Amino acid sequence: MSSNKLVKLFLRVSISFGIFSAVADRFGLWSKKVSVWGNWESFLEYTYLINPWFPTSVISTLGMLVTAAEILLALFLLVGFKTELFAKLSGFLLLIFAISMTFSTGIKGVFDFSVFTASAGAFAISLIKEKYFELDNIISNKSKTA
């Protein structure tokens, strides 16, 4: 087994769990001791903080859309469905998040939370073509035998 396969799997799992952790936090699933937001309202306040160019009337919708996108992206990365596509989309979403954080709260938080690193990792996943523990393998093998 090549090291590329293991690196890709490690990146997929770690980025997916990082995204799932952030989503769980905004729904209050982490204890208050370790939580960043702790609830949906605090998450929406932060969403507005890093997106001040959006009117407050759309922040709730933006928060819901981003959360839904994060859940789907993390799930598809984790199971390895259309891995290259969803890795690129994850990379772009994380990069937009990093840029928004940089312009609204400064560069330190982006580095502290490794958002650029996660974005780079997602883009790296999209470049590793070898498949390992990916749903894409099963789909590809079924279409070859059909």
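**View 1. Glu70 and Arg26 pair up in a salt bridge, with their closest N and O atoms 2.4 Å apart.** A salt bridge here means a side-chain nitrogen of Lys or Arg within 4 Å of a carboxyl oxygen of Asp or Glu. This pair ties together distant parts of the chain: Glu70 sits in helix α3 and Arg26 in helix α1, 44 residues apart. Helices are DSSP runs (H or I, at least four residues), numbered from the N terminus. Both Glu70 and Arg26 are buried, where buried means under 20% relative accessible area, exposed over 50%, and partly exposed in between (1.4 Å probe, protein chains only). Keep in mind that this is a predicted model, with local features needing pLDDT of at least 70, side-chain atom pairs counting only at pLDDT 80 or more, and totals for chains, interfaces and linings using all residues. Residues are numbered from 1 along each chain as its sequence is written, and side-chain values use heavy atoms, leaving out hydrogens and water.

**View 2. Lys8 and Glu84 meet through their side chains in another salt bridge (3.4 Å, N to O).** Here too, distant parts of the chain are linked: Lys8 belongs to helix α1 (residues 3–26) and Glu84 to helix α4, 76 residues apart. Lys8 counts as buried because its relative accessibility is 1%. Glu84, at 16% relative accessibility, counts as buried as well.

**View 3. Asp112 makes a salt bridge with Lys108, and their closest N and O atoms are 2.4 Å apart.** Both residues lie in helix α5 (residues 107–112), 4 residues apart, or about one turn of the helix. Lys108 has 57% relative accessibility, so it counts as exposed. Zooming out, salt bridges with shared partners join Lys8, Arg12, Glu84, Lys131, Glu134 and Asp136 into one network. The salt-bridge count comes to 8.

**View 4. The largest nonpolar core brings together 11 residues, among them Trp37, Phe43, Ile59, Ala98 and Val110.** Such a core is a set of buried Ala, Val, Leu, Ile, Met, Phe, Trp, Tyr and Cys residues joined through side-chain atoms within 4.5 Å. Helices α2 (40–50), α3 (59–79) and α4 (83–105) each put in at least two residues, and α2 gives the largest share, 4 residues. Apart from this core lies another one, of 9 residues, including Leu11, Leu94, Ala122 and Ile125.

View 5. Setting aside neighbours within four places in sequence, Met101 touches Tyr46, Ile50, Gly106, Gly109, Val110, Phe113 and Val115. Contact means heavy atoms within 4.5 Å.
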